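Hi everyone, thanks for coming.

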Amino acid sequence: MINPLFFGNFVRDILKFMIMNMFFRHIFLLLAFLFVSAGHAAAKTKQGGIIKVGVMLPLHDVNGDGRRMVEYYRGVLMACDSLRLMGVSVDVHAWNVPEEADISKTLKEKEASACDLIIGPLYSKQVKPLADFAKKHDIKVLIPFSINTPEVAKNKQLFQVYQSPEDFNELVISKFLARFEGHHVVFVDCNDTTSRKGIFTFGLRRRLEALGRNYSITNVKSNEEYFAKAFQRTMPNVVVLNTGRSPELNLAFAKLDNLVMNHSDLKIKMFGYTEWMMYTKYNLDHYYKYEVHIPASFHYNTLSSRTDRFQLKYRWNFHADMIQALPRFAITGFDQAFYFIRGLYLYGDGFTGAAGSVGYTPIQTPLKFERLAADGGYRNSSILFVRYTTGHKMETIYF
């Protein structure tokens, strides 16, 4: 006869086993669910994984936009080749998205939603649908050229390379004030009625006044005596023209040459504009003589061995030379793609484009992104000064 107490203990043990089994089974299922969910969340851009890149630009030979973007895309491909040699696997898919195209149709293609990074678009009107698509599918978007992109302020997936003219000028003015502290600023009116440099010169004058720093204003057509009065002899001077045009620049150089010939005690430097890069080969001696500083968001350095190697590789790969433009579009594509793809490889979804995060020295275009708002995207805040020295040397100063 079975002892009722034994039977009761037996049943209780069976029930405890069943309950514990069900408990662990549910725990296992919960952990499995969390593991799978985490896998899906990280699968978009896995650290050290294959980086899937989409390029959505006008890739055609119909007009200048298309030809420039084809060259840019070639630079992207060269960056991918260089990264593969470093062990980074890259899968690239490209779409031709001309100005008249409805980018929403391109976004319906199955390969689009699988991208970790989309480079594009070129045209501002195409940014909104791409931004919404990227937010939905957790894709980072590198906007390589467009500056009219209000979506960047409210979409954390967006990275805008180019600053607006207003933002660029504010950055340049801030770095100018720090760089030329202890200098007397001389503004030279060059009588160029077509000039659009007032945004810089007026902005700089306001900041100087706010800091209590004196400056002078003179005119390139002033007589020698009046012109010389604008310069200080007890401190170095930095000359700022109110135009970026070449003819007026040549007049200013002639005026300064005459001034220093008669006043050898004067110390004079010049601060220019990005356009002055186009005049380098004609004015190089004057750039050295007056320690010219040129602000820009890029520097196509013809004296750099890295630039030479890139140009040779481009010629070998595509049997053509790059378009004669500033900046060079192929090098722009290389710098931007290398920076972002390597960043995604190193950090996965955690990549923010912050300064020093990739460890890459640009050939032409520096990148350093800062977040615009808590829930917003990122904008490049990197600028540079190209400085020519009296020792016939040149350096690039990155900020």
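**Rings and pockets**

Let me start with two tyrosines: Tyr-287 and Tyr-388 are both buried, where buried means under 20% relative accessible area, exposed over 50% and partly exposed in between, with a 1.4 Å probe and protein chains only. A quick word on the source: this is a predicted model, in which local features need pLDDT of at least 70 and side-chain atom pairs count only at pLDDT 80 or more, while totals for chains, interfaces and linings use all residues. Residues are numbered from 1 along each chain as its sequence is written, and side-chain values use heavy atoms, with hydrogens and water left out.

How many aromatic pairs does a search of the whole structure find? The number is 31. Rings of Phe, Tyr and Trp (its six-membered ring) pair if their centres lie within 6.5 Å; planes under 30 degrees apart count as stacked, over 60 as edge-to-face and the rest as tilted. Our two tyrosines, Tyr-287 and Tyr-388, have ring centres 5.2 Å apart and planes at 55°, so they make a tilted pair. This pair links distant parts of the chain, 101 residues apart: Tyr-287 belongs to helix 9 (residues 280–289) and Tyr-388 to strand 13 (residues 384–389). Helices (H or I, at least four residues) and strands (E, at least two) are DSSP runs, numbered from the N terminus.

Now, helix 9 and strand 13 come back in the second largest pocket, where each supplies at least two residues of the lining. Helix 9 gives the most, with four residues. A pocket here, on a 1 Å grid over the protein atoms alone, is an open set of points where a 1.4 Å probe fits, with protein on both sides within 12 Å along at least five of seven lines; lining residues have an atom within 4 Å of a point. The second largest pocket is lined by 18 residues, and Tyr-300 is one of those nearest its centre.

Which helix gives the most to the lining of the largest pocket? That is helix 5, with four residues.
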